Amino acid sequence: MTRLAFIGGGNMARSLIGGLLRTGVAPATISVAEPLAEARHALGREFGIACYAENRLAAADAEVILLAVKPQIMPAIHTELRDTLQRNRPLLISIAAGVRLDQLERWFGAGLPIVRCMPNTPALIGAGATGLCANSRVSPPQKAQAQHILDAAGITRWIDDEALMDTVTALSGSGPAYFFALVEALEAAAVAQGLPRDTARALAAQTCLGAGRMLVEGGEDPAVLRQRVTSPNGTTQAALESFSADGLARITARAVAAATRRGMELAAQLDKLS
């Protein structure tokens, strides 16, 4: 079976490891490098996997290495891993937000098959949405390997043009925060109308959950679902007309564009660190 090493044992790594084990992957095939002793011991107890303090020990014989560290740490870890990666030529998967394929190739050496991923926080409960792109050295079987690993935490979609990964970051990577902000606003609006806060929160959250499930499980266009809820001259139409008058579509477009630009800026800052 494929030997998989995680560099970093944080929340995203834990969610992926748990998901893979649920699909039948053997614990003996997974290793993790985690510098914090308490977190390292917790990973070992929970999953029965090999855990190391040093990155090079976890990665020593891995066929797939998943970089699950913060973007700003990436330039620092290449000195410890570069020789191992150049010698063994594993599939390298990065889930560090904003880190480009060319940056990874520069830090870890040319000739490596590399997949860049952008998961989101719902992956922690198996409901994630991940965009992936690959460099030209990734073979079809390796693409399937990468997809299987990320599928353990939700849905995956391949992005042919890496330049669009900043848009993926702005859409699904940052998107959960937009959703939470909407629920906050709905809750506050209902409280202002007199509902108790706990009731307003429960109803808002469950409404969004139910609407999301209808959209995902039914496979219908969101415009069709919206129209079914909207009776002529009814309450929903009044609210939607208010949204339109306040420029909801324009506000959303500007927000996603701002997040996309910021993703580009953060990648440019990493160039200065390397």
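The structure is a predicted model, in which local features require a pLDDT of at least 70 and side-chain atom pairs count only at pLDDT 80 or more, whereas totals for chains, interfaces and linings use all residues. Residues are numbered from 1 along each chain as its sequence is written, and side-chain values use heavy atoms, with hydrogens and water left out.

The secondary structure of the protein comprises 12 helices and eight strands, these being DSSP runs numbered from the N terminus (helices, H or I, of at least four residues; strands, E, of at least two). Taken along the principal axes, the C-alpha atoms fill a box of roughly 70 × 40 × 30 Å. Of the 274 residues in the protein, 37% are buried, where buried denotes under 20% relative accessible area, exposed over 50%, and partly exposed the range in between (1.4 Å probe, protein chains only).

UniProt lists residues 3-98 as "Pyrroline-5-carboxylate reductase catalytic N-terminal", a span that is 45% helix and 20% strand, with its end C-alpha atoms 26 Å apart. For residues 162-266, UniProt lists "Pyrroline-5-carboxylate reductase dimerisation", and this span is 83% helix and 0% strand, with 15 Å between its end C-alpha atoms.

Pockets were defined on a 1 Å grid over the protein atoms alone, as open sets of points where a 1.4 Å probe fits, with protein on both sides within 12 Å along at least five of seven lines, and lining residues have an atom within 4 Å of a point. Grid points are joined across faces, edges and corners, and a volume is the space filled by probe spheres set on the points. The largest pocket holds about 2700 Å³ of space. Its lining consists of 49 residues, of which Phe-179, Leu-182, Cys-208, Ala-211 and Gly-212 are the closest to its centre. Elements that give two or more residues to this lining include strand E7 (128-134), strand E8 (154-158), helix H8 (175-192) and helix H12 (248-273), while H9 provides the largest share, 12 residues. By class, the lining of the largest pocket has 35 nonpolar, 11 polar and three charged residues, with Ala, Val, Leu, Ile, Met, Phe, Trp, Tyr, Cys and Pro counted as nonpolar, Asp, Glu, Lys and Arg as charged, and the others, Gly among them, as polar.

The second largest pocket holds about 420 Å³ and is lined by 18 residues, with Met-12, Ala-68, Val-69, Lys-70 and Ile-95 nearest its centre. Helix H1 (residues 11-22) gives the most to this lining, with three residues, and the classes are 12 nonpolar, five polar and one charged.

One aromatic pair was counted, under a rule in which rings of Phe, Tyr and Trp (its six-membered ring) pair if their centres lie within 6.5 Å, planes under 30 degrees apart being stacked, over 60 edge-to-face and the rest tilted. The rings of Phe-179 and Phe-180 have centres 5.7 Å apart and planes at 65 degrees, so the pair is edge-to-face. Phe-179 is partly exposed at 36% relative accessible area, and Phe-180 is also partly exposed, at 48%.

How values were computed: UniProt positions renumbered as here; feature names shortened; annotations may be inferred.
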